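Subject: A structure for you to look at

Dear colleague,

I am passing on the structure we talked about, together with some notes on what turned up in it. Please open it beside this message and follow the residues as they are named.

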Amino acid sequence: MTTNTEAAIKITLPDGSERHVPRGTTPLEIARQISPRLAEQALVARIQRNGVSELIDLTRPLEADVRLQILTEKDPEALEVFRHSAAHLLAAAVLELFPDVKLGIGPPIEYGFFYEFLRPEPFTPEDLEKIEAKMRELAAQDLPNERRLLPKDEAVRLYREQGQTFKCELVEEKASEPMVSFYVTGKFVDFCRGPHIPSTGRIRAFKLMNVAGAYWRGQEGNPQMQRIYGACFFTQAELDAYLHRLEEARRRDHRRLGPELDLFSIQDAAGPGLIFWHPKGGLVRKLMEDWSREEHLRRGYHLVFTPHVMRRELWEISGHINFYSEYMFGPMEVEKGLYQLKPMNCPGHILIYKSRLRSYRDLPLRLAELGTVYRYERSGVLHGLLRARGFTQDDAHIFCTPAQLEQEIAGALDFAQAVLRAFGFDQFEAELSARDPATPEQYAGTDEEWERAEQALRRTLEQNRIPFRYMPGEAVFYGPKIDVKLFDVLGRPWQLSTVQFDFNLPRRFGLEYVAEDGTRQQPVMVHRALWGSVERFFGVLIEHYAGAFPAWLAPVQVVVLPLSEKFEAYARQVTEQLRAAGFRAELDNRNEKLQARIRDAQLAKTPYMLVVGAREQAAGTVSVRHRSGGDLGARPLADFLDDLRREVESRAAL
């Protein structure tokens, strides 16, 4: 092949080898040269030139020297392109069945894709079945995804003639070049920068899941679109595994299990997003909070309590009125003054710090509170215990000298991991959230302060060998933060623990301490929450354990079941001995068959059932059943008490 003419370009492959090919050669043609099998498996290409990397279609002509990588199903990056192509397949199917719909956007998302449509009538489950069938029909036709370019004014005119007002809006706003990129899939034409997989034939493992409403471009007041969501994977086995996990997640949904197990409720009469803890849930909460308070005291924290409502001026000083007002409930007038429900606990802890002059000898000062806060969350984002309007944070604020900062951050991170492990979690990941340098006006503090704070958090993570991801633009307005995410039994990540640096509030409130040299200095402040909130963590616990809490957390640890009323006195004696030993035991002497009472105890997720009859009464034993292990046989009650005590004291997760 010619290598020394202007018509040739150099292609560098991932293994470092080079090929010289005619200008205009496509990645697909190069894949065929490398291996026919690679060409069959190829989905998209990655090119790199002058330090810039981008994904392109396999049919895009190469016009200059580049580094080239052919991506297949083995490459995670290809999955997003694959799902984007599935979204186009969905839109093509919908337009064939419902030609009058107006098109919105159709991006790939985690586990699949969605596409937005405006249609007067709601899509029904029967419609989804028809649409999915049409998608399979179009996929079987192996329609090519062809990229075409149109002048911008022609593209606008085309969409205007079709009545596709949302697409017209997108072209006018987002098309910055004179020529606009479109993709054609059969009869379907969509404004899209791509890339896409070569054709629809590869899209086989997908399923339409549901329809949800969403305002156009996420803004209230805009037309409400219908989003059709779909799951999509490379293989049917992957899709089946995902659907199984989804079904398992539904089975574990705390919004279903909470009322079923009589743990909590949300009452319409009181308002959305407000949690009512029932006796059993309240007991679990007490166990959680008792453990937390003891552990805080052991680690050198001081427990405090602050009011739920304070003067509005306090929130003006803190900056919440300027930076956080959209999440705050409105002020209330009291004696011609304005008061505010607290959305956070930090100003209250600051007032405690300011109640007297502090010395460097007082620092670090760690103030902890299980403090209830109130935030105005939109009704559309409320989600049971996980996103509520009133919730209790396991909040703490650490006031320290700059020299103590990194040690305190390390201690907070160690505490966070210890707490999560105590409740049965052993997989974590961390994220370092920084500000977006493009929008400094959205953050308090100077560039130098942000740089210093971010570096302190980064050094702490690195020195403690905690892997983390860097997340620019994810910081809170008053400082950078570290978020610790746990993974539950289904492998789902949950963001709970957070450690946040704050140089803003100490300055706003004029905090000081007397340094060793007698000068007045400004302390450093660290915000820290381990569960995030009691409610959110409890919701995660319910889903992690599917409501079957370990024995140390179970609201009822043992239920005693007499075979008949003849053995009720012995059953009552056993129940009293359990309670005297400090266990949470109940007697179920209802006039029901034994199997029905066993089933009810299992549905209530009670860890142990003790069946007593003539043999047990004569021998002073109990027949032990476990909610998942079945019949464990007859045992002396004293032995059962010893084993249960060891299980509870070890906080065993099973």
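**A histidine and its surroundings**

Leaving aside neighbours within four places in sequence, H320 is in contact with W315, S325, M328, M344, C346 and P347. H320 belongs to helix α11, which covers residues 320-323, and its side chain is joined to that of S318 by a polar contact of 2.5 Å. Is H320 buried or exposed? With a relative accessible area of 0%, H320 is buried.

**The model as a whole**

Please keep in mind that this is a predicted model. The average pLDDT of the protein is 93, and 99% of the residues score at least 70. Over residues 1-5, however, pLDDT stays under 50, and for this stretch the model has eight contacts beyond four places in sequence. Where pLDDT is low, the predicted coordinates should not be read in detail.

The protein has 654 residues, of which buried residues make up 51%, and its secondary structure comes to 20 helices and 34 strands. Along the principal axes, the C-alpha trace spans about 95 × 75 × 55 Å. Among the contacts with a separation of 6 or more, 68% are between residues 24 or more positions apart.

**A buried strand and its partners**

Strand β30, made of residues 558-562, is mostly covered, since five of its five residues are buried. In a regular strand the side chains alternate between the two faces of the sheet. In β30, V558, V560 and P562 point one way while V559 and L561 point the other way, and all are buried.

β30 pairs in the parallel sense with strand β31 (residues 585-587) over three bridges, and here V560 stands opposite L587. Between these two strands the chain passes through helix α17 (residues 568-580), and this β-α-β crossover is right-handed. β30 also pairs in the parallel sense with strand β32 (residues 608-612), over five bridges, with V558 standing opposite Y608.

Another place to look is an open sheet of three strands, in the order β20-β27-β28, with mixed pairing. Its edge strands are β20 (358-359) and β28 (520-521), each of which pairs on one side only. Strand β27 (residues 513-514) pairs with β28 in the antiparallel sense over two bridges, and the bridge partner of Y513 in β28 is Q521.

**Nonpolar cores**

Which residues of the largest nonpolar core touch the most other members? Of its 61 residues, they are M288, F423, I482, F537, L541, F549 and L553. Helix α13 (residues 405-422) gives the largest share of this core, with nine residues. If residues up to four places away in sequence are not counted, M288 touches F423, W531, V534, F537, F538, L541 and L553. Apart from this core lies another of 36 residues, among them A87, A139, I203 and F234.

**A buried glutamate**

E543 is placed in helix α16 (residues 534-545), and it counts as buried because its relative accessibility is 4%, where the cut-off is under 20%. The side chain of E543 makes a polar contact of 3.1 Å with the side chain of R492. Not counting residues up to four places away in sequence, E543 touches R252, D253, H254, R492 and W494.

**Backbone points to check**

Most residues other than glycine have a negative phi, and most peptide bonds are trans.

- G194 and P195 are joined by a cis peptide bond with omega of about 0°, and P195 lies in the loop between β11 (188-191) and β12 (205-215).
- L363 and P364 are joined by a cis peptide bond with omega of about 5°, and P364 is found in the loop between β20 and β21 (365-374).
- D142, in the loop between α4 (125-140) and β9 (145-151), has a positive phi near 50° although it is a residue other than glycine; at a relative accessible area of 42%, D142 is partly exposed.
- R217, in the loop between β12 and β13 (224-233), is not a glycine and has a positive phi of about 60°; with 32% relative accessibility, R217 counts as partly exposed.

With best wishes

Technical notes. Residues are numbered from 1 along each chain as its sequence is written. This is a predicted model: local features need pLDDT of at least 70, side-chain atom pairs count only at pLDDT 80 or more; totals for chains, interfaces and linings use all residues. Side-chain values use heavy atoms; hydrogens and water are left out. pLDDT is the predictor's confidence in each residue, from 0 to 100. Contact means heavy atoms within 4.5 Å. Buried means under 20% relative accessible area, exposed over 50%, partly exposed in between (1.4 Å probe, protein chains only). Helices (H or I, at least four residues) and strands (E, at least two) are DSSP runs, numbered from the N terminus. Two strands pair if DSSP finds at least two bridges between them. A crossover is right-handed if, with the strands pointing away from the viewer, the path from the first strand over the helix to the second runs clockwise. A polar contact is a pair of N or O atoms within 3.5 Å; within protein, one must be able to donate a hydrogen and the other to accept it, and residues adjacent in sequence count only if both atoms are side-chain atoms. A nonpolar core is a set of buried Ala, Val, Leu, Ile, Met, Phe, Trp, Tyr and Cys residues joined through side-chain atoms within 4.5 Å.
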